[in-house]
Amino acid sequence: MMSRSYTNLLDLAEGNFAALGPAGGGARRRSGSFGMKRMSRVMTVPGTLSELDGEDESEPAATNSVASDVPSSVSGERLLVVSNQLPIVARRRPDGRGWSFSWDDDSLLLQLRDGIPDEMEVLFVGGVRADIPLAEQDEVSQALYDRFRCVAVFLPESLHDRFYHSFCKRQLWPLFHYMLPFASSAPTATSSSSSSSSAPPAGNGRFDRGSWEAYVLANKFFFEKVVEVINPEDDYVWVHDYHLMALPTFLRRRFNRLRIGFFLHSPFPSSEIYRTLPVREEILKALLNCDLIGFHTFDYARHFLSCCSRMLGIEYQSKRGYIGLEYFGRTVGIKIMPVGIHMDQLQAVLCLPDRQWRVSELQQQFEGKTVLLGVDDMDIFKGINLKLLAFENMLRTHPKWQGRAVLVQIAKPVRGKGKDLEAIEAEIRESYNRINGEFGRSGYSPVVFIDRDVSSVEKSAYYTIAECVVVTAVRDGMNLTPYEYIVCRQGTPRLESSSEVTGPKKSMLVVSEFIGCSPSLSGAIRVNPWNVEATAEAMNEAISMSDQEKQLRHEKHYRYVSTHDVAYWSKSFIQDLERACKDHFRRTCWGIGLGFGFRVVALDPHFTKLNMDSIVMAYERSESRAIFLDYDGTLVPQTSINKTPSAEVLRIINTLCSDERNIVFIVSGRGRDKLGEWFSSCPKLGIAAEHGYFLSGVGMMSGKRVPRLQTSDGWKWLNQ
Ligand SMILES: O=P(O)(O)OC[C@H]1O[C@H](O[C@H]2O[C@H](CO)[C@@H](O)[C@H](O)[C@H]2O)[C@H](O)[C@@H](O)[C@@H]1O
């Protein structure tokens, strides 16, 4: 029986969006609207597997198979990077007429180009971080495509609210950060939401099916934009982050053999958390339509694999260092590779002329003080208040730091607002006012709280003067703050002559054990941020450590961070994606299934479908036959509670066994006692019980049938 969500998804896939109101912004285009789509170099042949698995045949997009003689890697390959937002900064022109656009140099998506081979063109597909009126969307789309090879996705406003603010930010994002929607108020703190005024309709953080439908529909909008520009035989598609987890299913339905990679930038939670999501199977199955799925850490990948095992019954295999999930004949690769920073860009900031001046200013401001630094988005998972409590605790338990230690906390403001965020902001304010009230004195404020946008120059200047960076996030996918700090403390050769870089390079880190970068920072002091006293001790230890020790730790970190940069990450991902897809064009692919049950069955080209008439003919022609029958799912339905074989099954088995030319075996993992009991009325039947550990029954010797082993006790198990 189809579940409700399947029905809805099918509706969505068929273009029935009634529940969500009119869809499509002014800029929605049909295939090929940018006028540059190339012809397919591979012919497709229709076919269906529905007879084999009893699935509905009425799904035209799902039944294409592709011929197997296909070109190997060729030039002209392109990478389509699909993400919720394009790496573009959009500004209204000062005269109010039109828009000006520039690359967002801070965007990881833009930076990843450095790891992509030069001959591979990179196109971006995603939303624009600005409210572009409907009437201007066509023009903006064309400009973005012509100038930046960016394909803009515009979602109708109401759909965007339900997709992003409601499903992404109130449901997926908190859940992936281990927050279950127990309370009636929803987590709404966002780090980059577009507007707080357009509150989503869902009233709390609990699962809301309408928002899920909006999520699926929004993913379909992204899919349509990909379709406009894709050349499925030459292109790779790299989908980013939790906003677009349904997209691989849309892509796979249309393009059976498209090369699809996905990278999750947020954490993937423990299966005990993930399994509370009502659409848990749908999302897992959608991701399994990719060829490669990437995670920042081993733990996130491990959680994903246990979800696949527990919720879908799919087990992973590890071969020669690669982890793969066998999914209907395709191997879905699992990639563990934390993202890195863009070295050149950070170093370029270090060389900007006004930076030196900013560093000197800060050195003066904090002269004689030891600066601990926090740089976080102001969101509910960053644990800023826990950091303040730990700092307060350190001042109290180690009074030598009173008057000497300063915590500078930069909290990048976010536009999204919610009750949780407001409560956390109030708590933070109360904490730093209390700390400054108790420990502050003339010329000394223990906490300097900066809740405004800070330029990259200013941020790098703070990194330079900080003795230690403290990250106490309670969950974070990766968190690149420690990496940025390490690179800024190292400086660049061009700074060697300046007064800012003197003596050996050193840095010190206190980082939460709940964030993605933690495993890669072996020289950091790792803390459980919920343990305020232990974090206070870690802060004290970090700033009290000898310079030599700080230097050793810094060198170790710098070696890692400078070699595992963003280009290293993207290069490695694309290489693995290529590898995972290398035999795609040698396989015969069949799409089957409805909605999120859709998957591609990939078969060896020599695989031929069994045909009843030819089986009967071959059976009749043969002189001797070995017939091996599985038990559960073959002789008794997988779902039946009563596992005893029916009289009909026993009759058929005895008929098969009565033919002298047949040797019939049941092969099962079940125990010998039960199988022996169930088939006691089939004296000529062979049984391989407990996966073949116990054997009983007939055999052939020199072409002659040997009698089955039987004792007065009934069955004789050969290896007993
Ligand atoms: O707020 P969103 O638009 O929903 O995006 C979520 C966050 O995405 C990015 O951060 C994530 O990816 C980073 C790089 O992999 C990783 O360091 C971080 O821990 C992840 O949360 C983005 O940088 C954040 O601003 C967004 O909040």
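I started with a β-α-β unit: β22, helix α21 (residues 647-658) and β23 form one, and it is right-handed. I am working from a predicted model.

I checked the strand pairing next. β22 runs parallel to strand β23 (residues 662-667), and six bridges join them. Across the pair, isoleucine 627 sits opposite valine 664 of β23.

Then I read the side chains along β22 (residues 625-630). They alternate. Arg625, Ile627 and Leu629 are buried on one face.

I moved on to charge pairs. I count 37 salt bridges in the structure.

I looked up glutamate 458 first. Its salt bridge partner is arginine 358, with the closest N and O atoms 3.0 Å apart. This pair links distant parts of the chain: glutamate 458 lies in helix α15 (residues 456-465) and arginine 358 in helix α12 (residues 353-365), 100 residues apart. Both glutamate 458 and arginine 358 are buried.

Next came lysine 382 and aspartate 476. Their side chains meet in a salt bridge at 3.7 Å, N to O. This pair also links distant parts of the chain, 94 residues apart. Lysine 382 is in the loop between β14 (370-377) and α13 (384-397). Aspartate 476 is in the loop between β17 (468-471) and α16 (481-490). I noted lysine 382 as buried because its relative accessible area is 8%. Aspartate 476 has 12%, so it is buried too.

I also traced a network: salt bridges with shared partners join Glu467, Arg489, Lys506, Asp547 and Lys550.

Last, I checked arginine 280 and glutamate 281, whose side chains form a salt bridge (3.3 Å, N to O). Arginine 280 has 25% relative accessibility, so it counts as partly exposed. Glutamate 281, at 22%, counts as partly exposed.

Key:
Residues are numbered from 1 along each chain as its sequence is written. This is a predicted model: local features need pLDDT of at least 70, side-chain atom pairs count only at pLDDT 80 or more; totals for chains, interfaces and linings use all residues. Side-chain values use heavy atoms; hydrogens and water are left out. Buried means under 20% relative accessible area, exposed over 50%, partly exposed in between (1.4 Å probe, protein chains only). Helices (H or I, at least four residues) and strands (E, at least two) are DSSP runs, numbered from the N terminus. Two strands pair if DSSP finds at least two bridges between them. A crossover is right-handed if, with the strands pointing away from the viewer, the path from the first strand over the helix to the second runs clockwise. A salt bridge is a side-chain nitrogen of Lys or Arg within 4 Å of a carboxyl oxygen of Asp or Glu.
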